[in-house]
Amino acid sequence: MKIKLMVILGINTMSIRKRVTLEASSRSTSFLVLGLVIASSLLIMPRVYQRLGFSPFASIVIVLFLAITSLLLSDTNIPLTLIRIKNYIQNKDVEVLLTLNVGGAVIPLIVSIHILIVLQLRYSLTLIISAISVAMVSLIVYRVSRVVDNVGITVPLVIPPLTAASATLILTELFRYPLFLAGPLSYVAGTIGTLIGADVYKLREIVLQASRKHIVSIGGFGTFDSVYLSGILSAATTILLLLITT
């Protein structure tokens, strides 16, 4: 599952030159988005770890390690189970290998769990706030995400970060939770909420679309999958809002 910028044309006949131009434009856009994500992670994510008590140097080292690890393991999938399901539309049995993507799901989940453990040991309301914000993000992402043939699940780029940032800021204020910790909590909400709302809730739809033996990857193929993006952009949005309003 990847977030992609797509142009839908209402014309079925398209010249080869136009197709090549669109493909080149898509590649350029992908590189631009990749560069922006790397830049934002290096600028914003160290602030998240500093909020958890790490030194500035240690925070930068952790972020670089996570970014490089995610890049190297972006095409690595952990097999979970083989699903056999009846596709009534095509009237055939379908075998789907369900896997978990390391770069797009496992690493963001490890970061999220680490954040929750560290904050829960200091503040007893951490899990309550996180559970509510994750539920809100997952429900909204489920409503706006779409299953697209030959692409996977697409999610509007701005919806998960804005939802996670808004929910976290409101809940931290409501529960009188330290406001400067909203950044780490929004990372958790954006990551886990998107993973549940898009990948888990839509899993059956993807499986039903498979017409032959197929691999379904929770977290998606590629490095900067929507789960990875949502966590970083959620933290970035929250921190920027706090900097502007305080």
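1. The buried residues of helix H4 pack against helix H3 (102–122), helix H5 (159–174) and helix H6. Contact here means heavy atoms within 4.5 Å. Buried means under 20% relative accessible area, exposed means over 50%, and partly exposed is in between (1.4 Å probe, protein chains only). Helices (H or I, at least four residues) and strands (E, at least two) are DSSP runs, numbered from the N terminus.

2. A word on the source. This is a predicted model: local features need pLDDT of at least 70, side-chain atom pairs count only at pLDDT 80 or more, and totals for chains, interfaces and linings use all residues. Residues are numbered from 1 along each chain as its sequence is written, and side-chain values use heavy atoms, with hydrogens and water left out.

3. Which residues of H4 are buried? They are Thr126, Ile129, Ser130, Ser133, Val134, Val137, Ser138 and Val141. Seen down the axis of H4, these buried residues fall within an arc of 155 degrees, so they line one face of the helix. The arc is that of the directions from the helix axis to the C-beta atoms. On the other side of H4, Leu139 and Arg143 are exposed.

4. Now the length of H4. The helix has 19 residues and reaches 27 Å from its first C-alpha to its last. That is close to the 27 Å expected at 1.5 Å a residue. The expected span of a helix is 1.5 Å times one less than its number of residues.

5. Helix H5 can be checked in the same way. Its 16 residues should span 22 Å at 1.5 Å a residue, and its end C-alpha atoms are 22 Å apart, which agrees.

6. Thr163 sits in helix H5. Thr163 is buried, with a relative accessible area of 13%. Which residues does Thr163 contact, leaving aside its neighbours within four places in sequence? The answer is Met136, Val137 and Ile140. Val137 is also one of the buried residues of H4.

7. Look next at Arg176. Most residues other than glycine have a negative phi. Arg176 is not a glycine, yet its phi is positive, at about 55 degrees. This residue comes just after H5, in the loop between H5 and H6. Is Arg176 buried or exposed? Arg176 counts as exposed, at 78% relative accessibility.

8. The structure holds 3 aromatic pairs. One of them joins Tyr142 and Tyr201; this pair is edge-to-face, at 5.5 Å centre to centre, with 90 degrees between the planes. Tyr142 lies in helix H4 (residues 126–144) and Tyr201 in the loop between helix H6 (182–200) and helix H7 (203–209), so the pair ties together parts that are 59 residues apart in sequence. Rings of Phe, Tyr and Trp (its six-membered ring) pair if their centres lie within 6.5 Å; planes under 30 degrees apart count as stacked, over 60 as edge-to-face and the rest as tilted.

9. Lys202 lies over the face of Tyr142, at 4.7 Å from the ring centre. A charge sits over a ring if NZ of Lys or CZ of Arg is within 6 Å of the ring centre and within 35 degrees of the ring normal.

10. Turn to the strands. Leu97 is in strand E2 (residues 92–101). Leu97 counts as partly exposed, at 26% relative accessibility. Not counting residues up to four places away in sequence, Leu97 touches Pro79, Thr81, Leu82, His214, Ile215 and Val216. The C-alpha atoms of Leu97 and Pro79 are separated by 7.0 Å, and these residues are 18 residues apart along the chain.

11. Finally, the whole protein. The count is 8 helices and 5 strands. Along the sequence they follow the pattern α-α-β-β-α-α-β-β-α-α-α-β-α. Of the 246 residues, 45% count as buried. Among contacts with a separation of 6 or more, 73% come from residues 24 or more positions apart.
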